Amino acid sequence: MIIWINGAFGAGKSTLATGLREALPGSVVADPEDVGSILRSSMRGHPHAVWDYQEYPAWRRLTVRLVTELHHLAGGTVIVPMTVLHQPYARDVLEPLAALGVPVHHLVLHTDPSPLRARIDASLEYPHDEARSEAVRAHRRRRINDYEQAFKAWLNTARVIDTGKLTPGQALEAALAQLART
């Protein structure tokens, strides 16, 4: 199966992906952010460069290819922790993955703005580099409204796990329960 973990920046997607990888033998984690980093680096300074690499149709195609190849290589579950807020972009990725004939589960980790801000403020992505950690926190804070709009518009129709009051272990249990329902 393919498990796409969506949600707000700072909602716990990477933590859940790690927990799922440990709970699901033979599973692997795919990080489409790596694809984005390659595109961003390659396009730096180019007239067609964009700020959000998800705007590149190539990012969406390459992400599908990455997940597909990892699925074939690993022979099992691929876990993809990646925020995608634009519904057409999500369709561009999720529909081709569903066409592989394997179950695709779209989980959304939802957290209301107030607890999300508190979680972001408490995060420390780079323990020995406060400036880098604050840059990550600032980016996550800037994207809260974008996430909220996407959640109200369409993300709320996916399998939602409200992580506002859950520990990482409880979020993992909730995700496993969601996956067991299919």
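**Figure 1. Tyr53 and Trp59 in the predicted model.** In this predicted model, Tyr53 counts as buried because its relative accessibility is 7%, under the 20% limit for burial. Trp59 has a relative accessibility of 0% and likewise counts as buried. The structure holds two aromatic pairs, and Tyr53 and Trp59 form one of them. A pair of aromatic rings is described by the distance of the centres and the angle of the planes. For Tyr53 and Trp59, the ring centres lie 5.9 Å apart and the planes meet at 45°, so the pair is classed as tilted. An angle under 30 degrees would count as stacked and one over 60 as edge-to-face, which is why a value of 45° is given the name tilted.

**Figure 2. The aromatic pair of Tyr147 and Phe151.** The rings of Tyr147 and Phe151 also form a tilted pair, with 5.9 Å from centre to centre and 35° between the planes. Both residues belong to helix α7, which covers residues 144-153. Because Tyr147 and Phe151 are four residues apart in this helix, about one helical turn separates them. Tyr147 and Phe151 are both buried.

**Figure 3. Arg132 over the ring of Tyr126.** This view shows a charged side chain and an aromatic ring. Arg132 is placed over the face of Tyr126. The distance from Arg132 to the ring centre of Tyr126 is 3.8 Å.

**Figure 4. The five-stranded sheet.** The sheet is open, and its five strands follow the order β2-β3-β1-β4-β5 with parallel pairing. Its edge strands are β2 (28-29) and β5 (159-162), each of which pairs on one side only. Strand β1 (residues 2-7) runs parallel to strand β4 (residues 104-110), and six bridges join the two. Within this pairing, Gly7 has Leu109 of β4 as its bridge partner. On the other pairing shown, β4 and β5 are joined in the parallel sense over four bridges. Here Leu107 has Arg159 of β5 as its bridge partner. Strand β4 is mostly covered, with six of its seven residues buried.

**Figure 5. Helices α3 and α8 against the sheet.** Helix α3 (residues 57-74) lies across β1, β2 and β3 (78-81). The direction of helix α3 is at about 150° to that of β3. Helix α8 (residues 168-180) packs on the sheet and touches β1, β4 and β5. The angle between the directions of helix α8 and β5 is about 160°.

**Figure 6. Gln178 and its surroundings.** Gln178 is a residue of helix α8. Its relative accessible area is 13%, so Gln178 is buried. When neighbours within four places in sequence are left aside, Gln178 is in contact with Leu107, Arg159, Val160 and Ile161. Two of these contacts, Leu107 and Arg159, are themselves bridge partners.

**Figure 7. Trp4 and its surroundings.** Trp4 lies in strand β1. With a relative accessible area of 1%, Trp4 is buried. Residues up to four places away in sequence are not counted in the following list: Trp4 touches Pro32, Thr63, Val80, Met82, Val84, Val93, Leu94, Leu97, His105, His106 and Leu107. A further separation can be read from the C-alpha atoms: Trp4 and Ala30 are 26 residues apart in sequence and 9.6 Å apart in space.

**Figure 8. The whole chain, for orientation.** The protein comprises eight helices and five strands. Along the sequence these elements follow the pattern β-α-β-α-α-β-α-β-α-α-α-β-α. The C-alpha trace spans about 45 × 40 × 35 Å along its principal axes. A compact globule of 182 residues would have a radius of gyration near 16 Å, and the protein, with 16 Å, agrees with this expectation. Of the 182 residues, 43% count as buried. Among contacts between residues at least 6 apart in sequence, 74% join residues at least 24 apart.

Terms used: Residues numbered from 1 in each chain as written. Predicted model: local features only at pLDDT ≥ 70, side-chain atom pairs only at ≥ 80, totals over all residues. Heavy atoms only, no water. Pairing = 2+ DSSP bridges. Contact = heavy atoms within 4.5 Å. Axes fitted to C-alpha atoms, helices over the stretch in contact; angles between N-to-C directions. Phe/Tyr/Trp six-rings, centres within 6.5 Å; stacked < 30°, edge-to-face > 60°. Buried < 20%, exposed > 50% of the residue type's maximum accessible area, 1.4 Å probe, protein only. Lys NZ or Arg CZ within 6 Å of the ring centre and 35° of its normal. Rg over C-alpha atoms; globule rule 2.2 N^0.38 Å.
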